[in-house]
Amino acid sequence: MGSTSATAHGLKRPLIFLGPPGAGKGTQAKELARHFGVPHLSTGDMFREHVERDTELGRRARPIMERGELVPDEIVLGMVEERISRPDCAAGFVFDGFPRTIPQAERLGAILAGRGFAAPLVLYVDVDYEKLFRRLAGRRTCKVGGEIYNIYDRPPRVPDRCDHDGGELIQRPDDREEVIRERLAAYETQTRPLVDYYRAKSLLREVDGSPDAAAVTRTLLDLVKRDS
Ligand code: AMP
């Protein structure tokens, strides 16, 4: 990806990726974090790691995630606050999948201000419902490096194997059809209100997530550079 290969160092403002599941937030957030040399903070990945390690938090989150519902705000907030207090976050970070409710957004605002960070820039990536469904149902993730594929739109060269490290490609348990419906419903009722919340604060920038990933990345980079 030519335009994104050169890395910058640090972000003036933390970035937040907002949008429905399947809009490409994970792919784009990773790319921007790599570009700016800051951590990519996906609360979904953090929970999956806890589930994998079978921690107490993982045992609480697992059944909720399997139903496609949201984990309670106080659990998410405790985990995020601890994470951004680590030294690697001092030069900024990219949130992916957080905040997801108005209370999370309000609390995040206070946490960022308290730690001396600038107001976040919120990148709202939207895609129509049918495309979201196809992206989620077709998504496969490398068990080793976390690289994301899609069996319809971005298949690996060898079925079920990562192009980069040969790792096994797996389907997330919550990418099954009945759970996808639940997750999209949770987004509509609990997360979509954040669009108006951040728009009212003039922190929101809207991006069409339908084009191919490289094109979306270029648009996002332009936006962030213009705004920082
Ligand atoms: P994701 O990978 O972002 O789609 O997240 C997977 C699942 O983790 C979600 O369906 C929720 O159950 C949980 N989760 C991730 N981030 C949050 C959050 N900010 N608030 C509540 N639940 C979350």
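Which residue in β3 does L15 stand opposite? That residue is V94, and this briefing starts from there. The structure is a predicted model, in which local features need pLDDT of at least 70 and side-chain atom pairs count only at pLDDT 80 or more, while totals for chains, interfaces and linings use all residues. Residues are numbered from 1 along each chain as its sequence is written, and side-chain values use heavy atoms, with hydrogens and water left out. Helices (H or I, at least four residues) and strands (E, at least two) are DSSP runs, numbered from the N terminus.

**Strand β1 and its partners**

- Strand β1 covers residues 15-18 and has buried residues on both faces, with L15 and F17 on one side and I16 and L18 on the other. Here, buried means under 20% relative accessible area, exposed means over 50%, and partly exposed lies in between (1.4 Å probe, protein chains only).
- Three bridges pair β1 with strand β3 (residues 94-96) in the parallel sense. Two strands count as paired if DSSP finds at least two bridges between them.
- β1 also runs parallel to β4, and four bridges join these two strands. In β4, the residue opposite L15 is L121.

**A closer look at Y124**

- Y124 sits in strand β4, which spans residues 121-126. Y124 is buried, because its relative accessible area is 5%.
- Leaving aside residues up to four places away in sequence, Y124 touches L18, G19, Y187, R192, V195, L204, R205, E206 and V207. Contact means heavy atoms within 4.5 Å.
- The side chain of Y124 makes a polar contact of 3.1 Å with the side chain of D126, and a polar contact of 3.1 Å also links the side chains of Y124 and R192. A polar contact is a pair of N or O atoms within 3.5 Å; within protein, one must be able to donate a hydrogen and the other to accept it, and residues adjacent in sequence count only if both atoms are side-chain atoms.
- Y124 and K30 are 94 residues apart along the chain, and their C-alpha atoms are separated by 15 Å.

**Helices and a loop**

- Helix α4 (residues 73-84) has 12 residues, which at 1.5 Å a residue should span 16 Å; its end C-alpha atoms are 16 Å apart, so the two values agree. The expected span is 1.5 Å times one less than the number of residues.
- The buried residues of α4 are I75, V76, L77, M79, V80, R83 and I84. Among the elements that cover them are β2 (40-42), α2 (43-53), α3 (56-66), β3 and α5 (102-114).
- Where α5 meets α8, I102, A105, E106 and L108 in α5 face P193, L194, Y197 and Y198 in α8. By class, this contact has seven nonpolar, no polar and one charged residues.
- T55 lies in the loop between α2 and α3. T55 counts as buried because its relative accessible area is 17%, and its side chain makes a polar contact of 2.8 Å with the side chain of H50.

**The three-stranded sheet**

- Which strands make up the open sheet of three strands? They are β6-β5-β7 in that order, with antiparallel pairing.
- β6 (148-150) and β7 (169-170) stand at the edges with a single partner strand each, so one side of each has no neighbour in the sheet.
- Two bridges pair strand β5 (residues 139-142) with β7 in the antiparallel sense, and T141 stands opposite I170 in β7.

Notes:
Ala, Val, Leu, Ile, Met, Phe, Trp, Tyr, Cys and Pro count as nonpolar, Asp, Glu, Lys and Arg as charged, and the others, Gly among them, as polar.
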